[in-house]
Amino acid sequence: MSDQKWHHPTDQPTGGWGSVKSLVKHATRQRAVHSVPGLVAAHNKTGGYMCTSCAWAKPGKPHTAEFCENGAKATFWDLTTRRAPPSFFARHTVSELLRWSDHDLEHEGRLTHPLRYDATQDRYVEVTWDEAYADIGAKLKGYDPARVVFYASGRASLETSYMYQLLARMYGNNNLPDSSNMCHETTSVALAESLGTPVGTVLLEDFHHTDCILSFGQNVGTNSPRLLHDLQQARERDVPIIVFNPLRERGWEAFVNPQDPGQMLSNKATQIATQYHQVRAGGDIAALMGMAKLLLDWHEAARARGEPGVIDESFIAEHTTGFEAFAAHLRGTSWDDIERESGLPRAALEPAARTYAGARAVIAIYGMGLTQHRYGVENVQMLVNLLLMRGHIGRRGAGICPVRGHSNVQGQRTVGIAERTALVPLDRLARQYRFEPPREDGLNTVQACEAVVSGELQAFIGLGGNFVRAVPERELMERKWRDLDLSVQIATKLNRTHLITARTTYLLPTLVRSEIDMQASGPQIVTMEDSTTCIHASRGRHPPASAHLMSETRIVARLAKACLPDADKAPWDIWAADYGQVREAIEATFPEDFRDFNARLDQPGGFPRPVAARERRWLTDAGKACFKVPGMLNASFDDGADPDVLRLVTLRSNDQFNTTVYGNDDRLRGIRGTRMIVMMNRQDRERLGIARHAKVRLTTAVDDGVARSMGGFDVIDYDLPLGTCAAYYPECNALIPLWQYARESMTPAAKSVPVRIAAD
Ligand SMILES: Nc1nc2c(c(=O)[nH]1)N[C@H]1C(S)=C(S)[C@@H](COP(=O)(O)OP(=O)(O)OC[C@H]3O[C@@H](n4cnc5c(=O)[nH]c(N)nc54)[C@H](O)[C@@H]3O)O[C@H]1N2
Ligand SMILES: Nc1nc2c(c(=O)[nH]1)N[C@H]1C(S)=C(S)[C@@H](COP(=O)(O)OP(=O)(O)OC[C@H]3O[C@@H](n4cnc5c(=O)[nH]c(N)nc54)[C@H](O)[C@@H]3O)O[C@H]1N2
Ligand SMILES: [Mo]
């Protein structure tokens, strides 16, 4: 197989005509052309519906079309006219469907009826909603609550999520893992320790006032394309943008704004990154340490000359703690170590540090490239350290900006979907609903997987998502999942988790956000929180895919009534009929965050929750922002000692949303027609004796008695640092050991899996 078949190195910009072509293709394939007028009129606009794709902020003054290529794809995928009704399941056994690809399963279209797996026929069969709730309720009543998990996948509204966490707690556990555990949990832990807040401090308007942007480990062109508008505007003001990423991602290089006719016609792209540093996977602590060390050197030299320093001494004195220890650590760290671990020479870090040192207000953006490592928390804290050195927190135009994943993943945490009880006002819930919530911490995602593997878990309720496909250690997980007594999956489309059946398995089909949610009190509004803590209302405008769907809010209410002994302690029916009442309840539980909730629903741009660090109030134990000294320079599991072990980055393509695969192309990386590729540095490939067009096998390089290996990959030569290779998620999840997660946050370390690569 020639590279040429799969890989056509590209200089296409992000956006531009390529994105328009891609939109037309996906709208047609999903037979969803009818949704296009809605995209223009209502998508991400006040009074309309909020995109189900990423969590990036929605501006108060929207563009004519406030959607991006990937948000539109997600919408077509939701509003497809394709259906997977009971007759589809009558034609296909589950064993047969297990051989289908992720793409083909979801491509069948929307689920239309509640279904139960019938083992005698090996098929899903239609059930009534009443039958489903009666059976699920009876089963849940029989289990030990500690052995049941309530997973959430970051999309459900604030209203549904609030009810869901209350359901779990009234049922008797805090087993509320969510997709955040695989994602920005590292952020929640790191920022809470460093700054006293688990969320970012930046608001959209800060992008208008910044004069320098740093980006670490985030792929803007694919995963948050609307952020490109803010970056483009910053570039028009000549703001430097410094990127650290092992891959040269097109989104950070060139953007043609599809909403700008002049730019579309001339096809002249805006250059986004002004400096691009191809740090090796796991090398960010070292790179940041290098920058910080340079600042300290320059500061001390300037002070010795009697000139003003580079570091903001008065901010550090007034607002922070731990600087002296941090400075001593910088002095003690050698350039040899920094260069080796980051893969970047000092000469490359100097211009980055120089630009940073000259800026008045710096925003630091980051994503999974920092969070999904063994020392992911240290990665994030090192980035905060750099910002603190010059006082870039709690100031206009500056701050830390984690770019969240699912469209309401941050909001789910805000309203109590959290396994860690310290994050939840349990006393207030106890008073509000006259019950005694469980006080011990629940299971997070990795712990839930461990409980599946050990056989301790009896039942799994999934509010969206594709759990078994998204987590590490696929083979073991799929095998052990079958020992569960009950799996209930609230879903819109068929996916592989649904096909790994438990003793009893239900699929409960639900509405998507762009659909009209009609209840007794009329069409309902739902709300969500974006990456910048702003809360938005969303009103569906399309008719539901099937008359048999039930809204997520109502499903949760019905589950609660079916399984709780004291179901009347909360007004489940009233809530399901009028979501405004749920918002009243949310406000009662979280009065500071949701003051006048119902009255502020349609504030343009959303209403921001208060974030103490934004006002330089530090809710840490020390009462100050904390410099944290990382005890290592390499964020990965492998120590780099064996040159034959490469660090595998598992990535999203431009044609997927997590485990939802829209197609086999990755336009922005020039890869077409397959997802079974591994990108390698050519020198690594030649050194390992792998021929240019070889098929290869990847084997996890850990010595724990478990064989993890996958063949059938095509190798392509790719511009990557030595020792770093890349392939797609979720295909590669079979290679990730369950125990390789970030210390503290337990986020799986999906960005530097130690692997060996050999001809297959
Ligand atoms: N269209 C679309 N949008 C999405 C998603 C999607 O799948 N499709 N997923 C959503 C979700 S849930 C999430 S969490 C976000 C994810 O969005 P991102 O945070 O962008 O996550 P990834 O696509 O995994 O890419 C991480 C980036 O980090 C880089 N990287 C890998 N390792 C390292 C490292 O060690 N150091 C540095 N500096 N960089 C590194 C990779 O090359 C890649 O560019 O996007 C959300 N938005
Ligand atoms: N190797 C590797 N593994 C990773 C990652 C990685 O970068 N590398 N990233 C991790 C990250 S950041 C995340 S967030 C997780 C994602 O993990 P999940 O959130 O569990 O997975 P998704 O693929 O987003 O879930 C897709 C399914 O959700 C259902 N769905 C879609 N929309 C709705 C809706 O509106 N309501 C309901 N009820 N269901 C809906 C559909 O049935 C669809 O099949 O994966 C993690 N796993
Ligand atoms: Mo995520």
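Modeller: Let us begin with a definition: a salt bridge is a side-chain nitrogen of Lys or Arg within 4 Å of a carboxyl oxygen of Asp or Glu. Please bear in mind that this is a predicted model.

Biologist: Why is the pair D312 and R395 called a salt bridge?

Modeller: The side chains of D312 and R395 meet with N to O at 3.7 Å. The cut-off is within 4 Å, and therefore the pair is called a salt bridge. As a general principle, side chains of opposite charge can pair when their charged atoms come close.

Biologist: What makes D312 and R395 a pair that ties together separate parts of the sequence?

Modeller: D312 lies in the loop between α14 and α15, and R395 in the loop between α20 and β14, so the pair ties together parts that are 83 residues apart in sequence.

Biologist: Why is R395 called partly exposed?

Modeller: Its relative accessible area is 28%. Buried means under 20% and exposed means over 50%, with partly exposed in between, so R395 is partly exposed.

Biologist: How do you know that R331 and E300 form a salt bridge?

Modeller: The N to O distance between the side chains of R331 and E300 is 2.6 Å. Because the limit is within 4 Å, the pair counts as a salt bridge. This pair links distant parts of the chain: R331 belongs to helix α16 and E300 to helix α14, 31 residues apart. R331 has 43% relative accessibility and counts as partly exposed; E300, at 33%, also counts as partly exposed.

Biologist: What are the terms for R685 and E686, buried or partly exposed?

Modeller: R685 has 4% relative accessibility; buried means under 20%, so R685 counts as buried. E686 has a relative accessible area of 44% and is therefore partly exposed. R685 forms a salt bridge with E686, the closest N and O atoms being 4.0 Å apart.

Biologist: How many salt bridges does the rule give?

Modeller: The count comes to 51 salt bridges. Some residues are linked in a network of salt bridges, namely D178, E185, R413, E419 and R420.

Biologist: What makes the approach of D284 to ligand 1 a polar contact?

Modeller: A polar side-chain atom of D284 lies 2.6 Å from a nitrogen atom of ligand 1. A polar contact is a pair of N or O atoms within 3.5 Å, so this approach is a polar contact. The backbone takes part as well: a polar backbone atom of T222 is 3.0 Å from a nitrogen atom of ligand 1, and a polar backbone atom of M368 is 2.8 Å from an oxygen atom of ligand 1. Taken alone, ligand 1 exposes 920 Å², and the protein buries 99% of that.

Biologist: Which residues are the closest to ligand 2?

Modeller: The closest are Y151, R155, E552, T659 and N733, and 32 residues surround ligand 2.

Biologist: How do you know that T492 makes a polar contact with ligand 2?

Modeller: An N or O atom in the side chain of T492 is 3.3 Å from a nitrogen atom of ligand 2. The side chain of Y151 has an N or O atom 2.6 Å from an oxygen atom of ligand 2.

How values were computed:
Residues numbered from 1 in each chain as written. Chains lettered and ligands numbered in written order. Predicted model: local features only at pLDDT ≥ 70, side-chain atom pairs only at ≥ 80, totals over all residues. Heavy atoms only, no water. Near = heavy atom within 4 Å. Polar contact = N/O pair within 3.5 Å; in protein donor to acceptor, adjacent residues only side chain to side chain. Helix = DSSP H or I, 4+ residues; strand = E, 2+ residues; numbered from the N terminus. Buried < 20%, exposed > 50% of the residue type's maximum accessible area, 1.4 Å probe, protein only. Areas by Shrake-Rupley, 256 points an atom, 1.4 Å probe, with all protein chains shown as cover.
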